[in-house]
Amino acid sequence: MLVVIALVGLAAFYNHLPRLSYDGIREQYYDGLTDRAIRPYAHSPYGQFPRPNDSFRFIPCTNTTIPPPLDDAEPGRTWARLFDVNPEHWSWGNTTTEQNVQEGDPYWGRGIYLCGYLDVPLDYTNKSDSRIVRLAVTKYQVSGLARATMPHDTHTRYPPGSKSERTIVIEPGGPGGSGTSYAWRAAEDITKRLSDGEFDVLGWDPRGVNATSPAIACFPYDADRDRWSMLTGQYREVFASPKAQLELADAMNDAIFRACWERHGDLARFVTTAFVARDMEEIRKALGEDELTGYLVSYGTGIGQTWANMFPDSVGRVILDGTEYVRDHRLLGGFGWTALDNATDAWHDGFLGECLNAGPEHCALSQSRGRDPVTLEELEGRMHELVSSLIQRPVPGYVEPSGPSLVTYSALVSAIYSSLYNARSWPALAQMLFELEAGNSTLASAFLDRTAWEYDPTLPSPPSPKPSTDELGALVICADSYDAPLPPDGLVWWGSLWANMTAQAWISGNSRFFNVFPCQHFQTYWPKPAEVYRGDLNHTLKNPVLLIAETYDPATPLRNGRRLAAEMGSNARLIVHHGYGHSSRDKSTCTDSTAKAFILSGIIPEEPEIACFSDEKPYLYGVNAAGVRTEATQDPIQAWREHIQELEIWNPRLLIW
C-alpha cells in the first residue's frame with residue numbers, strides 16, 4: 001500500500017499513552033509463562049464487573065481486555081474472566097492538582113477507562129442473516145469508581161461510579177480510524193475542552209477496524225504489506241512511464257481485493273457508511289440516552305451527516321469538525337479529487353509563510369543564507385528545487401536501527417503532506433529540511449524510517465500476531481461509491497485523473513489518488529452493498545448540529561462545510577475556524593467556547609456562520625507576547641515521534657509509502 005492520506009480526524013494530543021499496547025500484552029503473557037508473582041486480590045474493592053444489565057459489559061481496562069472472538073461459544077463468560085480484581089492494573093485517568101486522596105485511596109477523584117463491546121447485526125437489511133459484528137468500545141468515565149464500602153453520596157452531581165448526564169461519542173475519521181485508540185489518547189482532553197470535565201467520553205472501533213470483529217486485514221502479516229508497498233507506493237513524478245506504474249498499481253489493487261474476498265468473503269458489502277451510522281444509533285440506544293451527543297471528526301463527520309439524516313429524531317448536541325460533504329463520496333474518485341483545495345495553500349501560506357513570520361529563532365528555514373533576509377518566493381523556490389532533486393536521485397542516508405536508507409521523493413512528499421495535518425510538527429519538519437538542504441540526511445532518514453514500516457523487527461512476535469486493518473478504508477470508499485459508473489476507457493481515464501490531481505496539488509495529489517484507485521476493481525468481487533445512503537442532507541433534525549470547517553485544512557476544505565451548511569439550512573450552524581492543521585486542533589478560545597456552550601447547554605450561534613481565529617501562530621506555540629518561550633523546546637525526533645503517534649490513531653495507512 002501507499003501513503004494514503006485518508007480523511008482522518010485530529011484532536012489535541014493528550015499525554016495519556018494507550019493501555020492496549022503490545023508491550024503490556026507481552027508483559028502479562030510472559031508473566032503467566034514464568035509464574036511471576038502478582039500481588040493477590042481476592043475481591044475487588046470496587047465490586048464485581050461487568051455490572052448487571054450493562055449493555056456494553058464494561059470492565060476496567062487492562063492490557064488484556066480485548067473483546068472475545070466471534071467463534072467463542074460463551075463470549076460473556078470469557079469476557080467476565082478477563083476482569084482483573086486488582087485496581088493497580090486498571091487504567092485510571094491522570095491525577096490532577098485538585099485531587100484529594102481520601103482515606104489513603106490513590107484513585108479518589110480520578111476517572112476510569114472502561115472497556116466493553118456491543119454486538120450488532122452484520123446485515124441490518126436481512127434478519128435471516130444471523131451473523132454479527134462485535135464492536136470494541138472504550139469509555140472514559142469522569143466520575144471514576146465507587147468503593148463497595150463507600151456510602152452513596154447524594155450531594156455530588158455525579159457520585160463516584162455514576163454515569164454522566166450525557167456521553168460524548170467520538171470518532172476520529174479514516175475510514176479506518178480507531179475510536180478506541182482515539183479515546184485512549186484524547187478522551188480526558190475532549191471532556192475538559194467540551195464539557196469542563198462533566199461528561200463521559202466513548203469511542204468505538206467501527207466495523208472492520210482494529211479490535212472490532214470481524215477485523216478486515218487482507219494480508220496475513222504486516223511485513224507482507226510492507227514488502228509490496230515498496231514496489232507499488234512510489235509517486236507519479238519519479239517514473240519515466242507513469243502508465244507502466246499505473247498498470248503495476250492496478251494489478252496490485254486487483255490482487256489485494258482478491259485477497260480480501262478470499263479471506264473475508266462478502267464482508268465488504270456490509271462496511272458502508274450507512275451501516276456504520278446504524279451502528280452508532282445502536283450505541284446511542286445502548287447508552288440509554290434519548291439523543292446522541294457527539295464529537296465526530298473528518299470521515300467521522302461523514303458518518304455524522306449520514307446518521308443525522310437517517311435518524312433525525314435521535315440528534316442531540318453533535319459537533320462535526322473537519323467537515324466532509326458526503327455527496328462527493330458518491331462520485332467515482334470523489335473521495336480523492338474533491339479534497340485537493342488547501343494542501344498547497346497550507347504549505348505556501350502556513351508552513352513557509354508562518355516560518356518567515358516567526359523568524360530564525362523559531363524556524364530553521366528562515367535563517368538567511370546571506371546578508372538579505374529570506375523572502376517567501378526565495379524559500380519556496382529553494383524547497384521546490386530540494387524536493388524535485390529527489391526525483392532524479394534519492395539522497396543516501398543511515399539510521400542505526402535499520403542501517404542504510406534512502407530519502408526518496410515519494411517518502412518526503414508524503415511526510416510533508418502528513419505534517420500539514422498538525423502544525424505543531426512544523427518546527428521539526430523545518431529543521432529536517434534545513435539540514436537536508438545543507439547535505440545532512442541524518443534527520444530526514446530518522447524521520448522517514450519512522451513512517452515507512454508497520455512491521456517492527458526489533459520487537460519479538462506477540463502470542464497471536466494480528467495484522468493492521470489497513471484495507472478497510474479502501475473497501476468503505478469503494479462501497480460508498482459503488483454505483484458511480486466505471487469509465488469505459490478504463491485505465492486511460494484513471495491515468496488522466498492521476499495526472500490532473502498531481503498537477504493541481506503536488507503535495508496531496510498522489511496520496512488522494514491512491515485512496516480511490518482501488519475502486520476500479522470493487523465490483524469484480526462484490527455485488528451491490530447491502531445499503532448505501534442516497535438521500536438528501538436537509539432533513540429536519542431534533543436539534544441543529546454544529547459544523548466546524550477550517551481555512552487551511554489540507555484534507556477537508558472550507559467549501560465542504562459551507563456546502564453542507566447551505567444544504568442543511570436551519571438544521572446547522574457553521575464555525576469558520578481560521579487556523580492550520582486538520583480539524584480545529586489549532587486552538588481557538590472562540591471555537592472552544594462556542595463548542596462548549598453547545599455541548600453543555602445546547603446554546604448555538606444565532607447566525608448561520610461565524611468566524612473564529614486561532615489563539616497562536618505556528619512555530620510560536622508556547623511563546624508569550626514578550627517573545628519568551630513558556631514551553632520546553634522539543635527534540636525534533638521526539639516531536640516527530642509524537643506526530644507519528646497521532647497519525648497511528650487515525651489510520652495506520654497514513655504511515656506507509
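Trainee: What should I know about the ground rules?
Mentor: The model is predicted, so local features need pLDDT of at least 70, side-chain atom pairs count only at pLDDT 80 or more, and totals for chains, interfaces and linings use all residues. Residues are numbered from 1 along each chain as its sequence is written, and side-chain values use heavy atoms, without hydrogens and water.

Trainee: How many residues line the second largest pocket?
Mentor: 42. Arg424, Arg585, Tyr621, Glu631 and Gln634 lie nearest its centre. A pocket is an open set of points on a 1 Å grid over the protein atoms alone where a 1.4 Å probe fits, with protein on both sides within 12 Å along at least five of seven lines; lining residues have an atom within 4 Å of a point.

Trainee: Which helix gives the most to that lining?
Mentor: H20, with five residues. Helices are DSSP runs of H or I, at least four residues, and strands are runs of E, at least two, numbered from the N terminus.

Trainee: Switching to the sheet. What's the strand order?
Mentor: E2-E3-E4-E7-E5-E8-E9-E12-E13-E14, open and mixed. Strands pair if DSSP finds at least two bridges between them. E2 and E14 are the edge strands.

Trainee: Which residue in E3 partners proline 60?
Mentor: Leucine 114. E2 and E3 run antiparallel, joined by two bridges.

Trainee: And H4, which residues are buried?
Mentor: Asp222, Arg225, Asp226, Ser229 and Thr232. Buried means under 20% relative accessible area (1.4 Å probe, protein chains only).

Notes
Buried means under 20% relative accessible area, exposed over 50%, partly exposed in between (1.4 Å probe, protein chains only).
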